[in-house]
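Hi there,

Here is the structure I promised to pass on. Have a look at it first, and my notes follow below.

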Amino acid sequence: MYLHLGADISVNKKYIVGIFDLDNTSTSKITREYLNNATKKNQVINVSEEDLPRSFILVKERGKEKVYVSPISSQTLSKRANILDVNLYGKDK
C-alpha cells in the first residue's frame, strides 16, 4: 500500500521509518542536525511546493535514506497510513 505525501509523491508504506511533526521535532538540536546533514547529502525531497511544510517522513529503501518534507500534517499522514490504529502488539483495533 502506498501513502500520498503531497504533490504527486507517494511512497510504499513498508519503507516508512517514521512520520514526524516538523514544528515539534525541529526544536530539538539533534533533529535539526539530522535534517541539515540529510540536506547536505541531497536526501531531502521537498513535496511542499509553495505550501508551508508541516511534517517530514523518513523512508529507508534498499539501504538508502530519504527525507520527504510534506505540507500534510503528521497526524493526517499517520491516519492515512493506519499507523495510529495499530496497538502495541501490531494488531488492528
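Which residues does methionine 1 touch, not counting residues up to four places away in sequence? They are Val11, Asn12 and Lys13. Please keep in mind as you read on that this is a predicted model.

Methionine 1 sits in the segment before β1. It counts as exposed because its relative accessible area is 72%, and exposed here means over 50%.

Now for the overall picture. The protein has three helices and six strands, and along the sequence they come in the order β-β-β-α-α-β-β-β-α. There are 93 residues, of which 34% count as buried. The accessible surface is about 6,700 Å², and carbon and sulfur atoms account for 48% of that. If you look at contacts between residues at least 6 apart in sequence, 47% of them join residues at least 24 apart.

Is isoleucine 16 buried or exposed? It is buried, because its relative accessible area is 15% and the cut-off for buried is under 20%. Leaving out residues up to four places away in sequence, isoleucine 16 touches Leu3, Val11, Ile57, Leu58 and Val59. One of these, leucine 58, is 42 residues away in sequence, yet the two C-alpha atoms are 6.0 Å apart in space.

Finally, a word on charge. Where is aspartate 8? It lies in the loop between β1 (2-6) and β2 (9-12). Aspartate 8 counts as exposed because its relative accessibility is 77%, against a cut-off of over 50%. Together with Glu49, Glu50 and Asp51, this residue forms a negative surface patch. If you colour the model by charge, those four names are the ones to pick out for this patch.

That is what I have for now.

Best wishes

Key. Residues numbered from 1 in each chain as written. Predicted model: local features only at pLDDT ≥ 70, side-chain atom pairs only at ≥ 80, totals over all residues. Heavy atoms only, no water. Patch = residues over 30% accessible without salt bridge, like charges linked within 9 Å, V, L, I, M, F, W, Y side chains within 5 Å. Areas by Shrake-Rupley, 256 points an atom, 1.4 Å probe, with all protein chains shown as cover. Salt bridge = Lys/Arg side-chain N within 4 Å of Asp/Glu carboxyl O. Lys, Arg positive; Asp, Glu negative; His and termini not counted. Charge placed at Lys NZ, Arg CZ, Asp CG, Glu CD. Helix = DSSP H or I, 4+ residues; strand = E, 2+ residues; numbered from the N terminus. Buried < 20%, exposed > 50% of the residue type's maximum accessible area, 1.4 Å probe, protein only. Contact = heavy atoms within 4.5 Å.
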